[in-house]
Amino acid sequence: ALAPSLKLVVMLRYPTKRAYSHFQHDCRNGRIVRMERTHRITRGTPGSNRKSLRFPCQASDFDSMVRADIHEAEKKYHDENIFKV
């Protein structure tokens, strides 16, 4: 045995619930913003062309942000075919 006295604790969470919880945490702290011209929702700090969303953020805002992130990743990695099943 490599480590007979080793004790391991594993905690499992649903990835989607964890991501949504993190999104709400960022929203509560003013780190989820809507871009003025494009209305795209992203993480960032409020500024001249960005406005913080009010807490609690809507589930549709989370969905919109995730879809935009997926779209960007698909464009970025298009040539590598990692999104094809």
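## A walk around helix α1

Start by selecting Gly30: just after α1, this glycine takes a positive phi of about 75°. A word on ground rules: this is a predicted model, where local features need pLDDT of at least 70, side-chain atom pairs count only at pLDDT 80 or more, and totals for chains, interfaces and linings use all residues. Numbering runs from 1 along each chain as its sequence is written, and side-chain values use heavy atoms, with hydrogens and water left out.

Now select residues 15-28, which is helix α1 (helices are DSSP runs of H or I, at least four residues; strands are runs of E, at least two; both are numbered from the N terminus).

Next, pick Phe23, Gln24, Asp26 and Cys27, the buried residues of α1 (buried is under 20% relative accessible area, exposed over 50%, partly exposed in between, with a 1.4 Å probe and protein chains only). Look down the axis of α1: these buried residues fall within an arc of 160°, so they line one face (the arc uses directions from the helix axis to the C-beta atoms). Show β1 (32-35), β2 (41-43) and α2 (59-76) too, as they are among what covers that buried set.

Last stop, Gln24: it's buried at a relative accessible area of 10%. Leaving out residues up to four places away in sequence, Gln24 touches Phe55, Pro56 and Cys57 (contact is heavy atoms within 4.5 Å). Its side chain reaches the backbone oxygen of Cys57 at 2.9 Å.

Definitions and conventions: Expected span 1.5 Å × (residues − 1). Polar contact = N/O pair within 3.5 Å; in protein donor to acceptor, adjacent residues only side chain to side chain.
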